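Please examine the sequence and the structure shown below.

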Amino acid sequence: MKKIIDSLPNKTAAERSTMRENARKMAESGDAKKLEQAEAFLAALDQYETDLAAIEYDHLSSLDDVGKIKEAFTRVPPTDTQVNLIKVIAETPGGTAGQLSSALGWEALTWQMHFGMMAKDRQAYLWPAPPSEHRKQPSGEAATFYCGLLTTYDKKTSGFTLKPEARAAFVALGLIK
């Protein structure tokens, strides 16, 4: 058991997840010895992942906003489509969702949906997204405005512009000039 626990630092998150599932199945086997081993392993795995989360939190807390954005897009590299989302807003500051979508050959508000999802996928490395001023959840609460993580929105013009820290991070990452 010690060898397995000692191997945790060499395992990916996916491998640890599989190990967790296997330990849960082992615990359900009805064998008292297997249950004891599974519980010991799960306790060690929980502690390891808690320690990892604390290290991650400390690391991200030490970064400024540009650093957090760089970290987010390094850890979760953008797809080709996402690079195009970033390029079009960098080249069209103040563009509406319709204009940005059209520049990519898309219809309606497609740019905003894709850009929002791109930001949402990296929110764990950034900060909480602001509430939407225009959309509501079924509960009546404001929906989350994920585009607001990386852009400013002008209500008067309905235009989006990259926040300066996002522009700086994307330039540093070589995604835009």
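## Packing of α4 and α8

In α4, Asp-65, Val-66, Ile-69, Lys-70 and Phe-73 meet Glu-165, Ala-166, Ala-168, Ala-169, Phe-170 and Ala-172 of α8, where contact means heavy atoms within 4.5 Å. Helices (H or I, at least four residues) and strands (E, at least two) are DSSP runs, numbered from the N terminus. The model is predicted: local features need pLDDT of at least 70 and side-chain atom pairs count only at pLDDT 80 or more, while totals for chains, interfaces and linings use all residues. Residues are numbered from 1 along each chain as its sequence is written, and side-chain values use heavy atoms, with hydrogens and water left out.

The axes of α4 and α8 are 8 Å apart, and the two helices pack at an angle of about 50 degrees. Axes are lines fitted to C-alpha atoms, for helices over the stretch in contact, and angles run from 0 to 180 degrees between N-to-C directions. The pair is therefore oblique; angles under 35 degrees count as roughly parallel, over 145 as roughly antiparallel, 65 to 115 as roughly perpendicular and the rest as oblique. The crossing of α4 and α8 is right-handed; a crossing is left-handed if the near helix is turned anticlockwise from the far one by less than a right angle, and right-handed if clockwise.

## Two further helix pairs

Helix α2 (residues 13-27) and helix α3 (residues 32-61) pack at about 155 degrees, with axes 8 Å apart, and are therefore roughly antiparallel. Their crossing is left-handed. Among the residues in contact are Met-19 and Ala-23 of α2, and Phe-41 and Leu-45 of α3.

Between α5 and α7 the angle is about 115 degrees and the axes are 10 Å apart, so these helices are roughly perpendicular. This crossing is also left-handed. Gln-82, Leu-85, Ile-86, Val-88 and Ile-89 of α5 meet Trp-111, His-114, Phe-115 and Met-118 of α7.

## Nonpolar cores

A nonpolar core is a set of buried Ala, Val, Leu, Ile, Met, Phe, Trp, Tyr and Cys residues joined through side-chain atoms within 4.5 Å. Buried means under 20% relative accessible area, exposed over 50%, and partly exposed in between (1.4 Å probe, protein chains only). The largest such core has 31 residues, and Ile-69, Phe-115, Leu-150 and Phe-170 have the most contacts inside it. At least two residues each come from α4 (65-75), α5 (80-91), α6 (97-103), α7 (110-120), β5 (159-162) and α8 (164-172). Helix α5 gives the most, with six residues. A second, separate core of eight residues includes Leu-8, Ala-23, Phe-41 and Leu-45.

Leaving aside residues up to four places away in sequence, Ile-69 touches Leu-126, Trp-127, Leu-150, Glu-165, Ala-166, Ala-169 and Phe-170.

## The buried side of α7

In α7, the buried residues are Trp-111, Phe-115, Gly-116, Met-118 and Ala-119. They lie on the same side of α7 because they cover an arc of only 160 degrees around the axis, the arc being that of the directions from the helix axis to the C-beta atoms. These residues pack against α4, α5, α6, β4 and β5.

## Positive phi in two loops

Most residues other than glycine have a negative phi. Ala-108, in the loop between α6 and α7, has a positive phi near 50 degrees. With 57% relative accessibility, Ala-108 is exposed.

Ser-158 lies in the loop between β4 (151-154) and β5. Its phi is positive, about 60 degrees, although Ser-158 is not a glycine. Ser-158 is partly exposed, at 30% relative accessible area.
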